[in-house]
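I opened this one to jot down a few things from the helices and the ligand site. Here are my notes, in the order I looked things up.

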Amino acid sequence: MRRVLLATTAMLLLFPLFHIPSTHLVAEEPQAEEAPIVRSKMKKAYKPFLELQTFFVEHEEITSSEEQEELERIVDSLEKKFHGVIDAPKSKYRDIPGFTSTLQSLNSLFRDIKGGLKWGNESWAYWRLRALASHCITCHTSYAPKMQFYDPEYSAENLTPFRRGEFFLATRQFSRAEKAFLESAGSPESSADVLTSLRRWLLLSVRIQRTPKEAGKTLDAFYRQHEKNLNQYEKEVILGWKESLRAWEGEHEEDSLAEAERLLNVGLRSSDLLYDEQDDIRVLRATALLHRLSESKTQTEQDRRRTLYLLGLSYSKLPHFFINELPDIYLEQCIREYPNTKEAKRSYRLLKEMTTLGFTGSGGTRIPDYINLKLRELHNLAYGIPDFDARV
Ligand code: HEC
């Protein structure tokens, strides 16, 4: 926030020095308002989100009717605040791929929680409630600037270290989140396992801080301190991360699509057939780069459709880090924005494969009708087949 404030102040100070025609001023005005709109709406979501945290203290479910009413009130209030973000007039984030879809996914989450409470399925409501912070985190580690928000009054002491980390990351209090996740990874009684906690920390280090040297040092220190409590699998994963961070230190990363593709090629291909772990750090770096590229107004159409497909592909390989809906969001957007292209077809094939896998169990594959209908629509778009049903 500080950097933007400084920039605005600087602009105000310089302003009288230039002679700007008044028509120009009018045209520029909405632009100048853009960032603060999303930020101020988000800030309003902070209070209800803070109130929500009481539901994560010593709770495994929602029992009393008072609690249910309270939860419904808070979710209602959050939902209203986020409507404000969706409806915000032309914000600079609006055209950035995935932004609006993530907000829509957040909206359906609010509806799920309220629906669960209304129809007496409290455990479903509570389960969905726990996915809320992941939505905030997915967005804040994708689009927003590096700046931090800080609430000096709230220390979240009564939450478990992992929940505390989730709260801080969801509200962009990055350095506090970092400490909490490391604490969670190092405490055996934590509510999340070592790797889950460390992945959150990694997300911050790779996508926001982007400081491989410091991250490597921190991970080294963590490893040395906790080695005796780690199992073989955890050790292997952490050593893999350390190696990838070290390689990153020596690399010069260009801001280009070719660079993102290079990172993905190396990151997704297993170099050792017996050791099938992909290099999550390289894949995460590629996503950060793809997001940066997709925010550029000068990106060509061809690059943009490739970027959308690659984001969908990358997120399909990172299920431990973000909300489940993320790959679908980018693949669907690629198909809808660029029908009948090579990238749309690839997106469709991946989407179809993921959906089939998702609905396959020991009894075979059973995809619900409404999903099949949507898949057919996307198939026809991707392959340029006229939609006859729609014309009747
Ligand atoms: C669709 C993306 C998106 C989602 C989802 C999202 N945010 Fe944000 N949030 C942003 C962006 C972008 C900013 C930074 C705005 C700016 O400074 O331009 C931000 C900033 C914030 C800030 C900092 C405000 C400040 O004054 O610096 C808070 C607090 C916040 N969000 C809370 C939340 C919470 C809580 C959730 C989840 C319930 C959430 N956000 C979900 C995109 C999102």
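Predicted model: local features only at pLDDT ≥ 70, side-chain atom pairs only at ≥ 80, totals over all residues.

Next I checked the length of α17, residues 369-382. I get 20 Å from the first C-alpha to the last over 14 residues, close to the 20 Å expected at 1.5 Å a residue.

Then the ligand. What surrounds the ligand, and which residues are closest? I count 26 residues around the ligand, with Met42, Cys136, Cys139, Ala144 and Phe149 as the closest. I sorted the shell by class and got 19 nonpolar, four polar and three charged residues.

Which helix gives the most to that shell? I have α2 down for eight residues, the most. I also noted that α2 (22-52), α4 (99-118) and α6 (132-140) each supply at least two.

Last, a helix pair. I took α12 (residues 257-268) and α13 (residues 280-294), and their axes come within 8 Å and cross at roughly 160 degrees. The cut-off for roughly antiparallel is over 145, so I wrote α12 down as roughly antiparallel to α13. I noted the crossing of the two as left-handed.

I then listed who meets whom. From α12 I have, among them, Leu257, Leu263, Leu264 and Leu268; on the α13 side the list includes Val283, Leu289, Leu290 and Leu293. Glu259 of α12 and Arg282 and Arg285 of α13 are also in this contact. By class, I get 11 nonpolar, one polar and three charged residues where α12 meets α13.

Technical notes. Residues numbered from 1 in each chain as written. Near = placed C-beta within 6 Å. Helix = DSSP H or I, 4+ residues; strand = E, 2+ residues; numbered from the N terminus. Nonpolar A, V, L, I, M, F, W, Y, C, P; charged D, E, K, R; others polar. Axes fitted to C-alpha atoms, helices over the stretch in contact; angles between N-to-C directions. Parallel < 35°, antiparallel > 145°, perpendicular 65-115°, else oblique. Left-handed = near helix turned anticlockwise from the far one by under 90°. Contact = placed C-beta atoms within 7 Å. Expected span 1.5 Å × (residues − 1).
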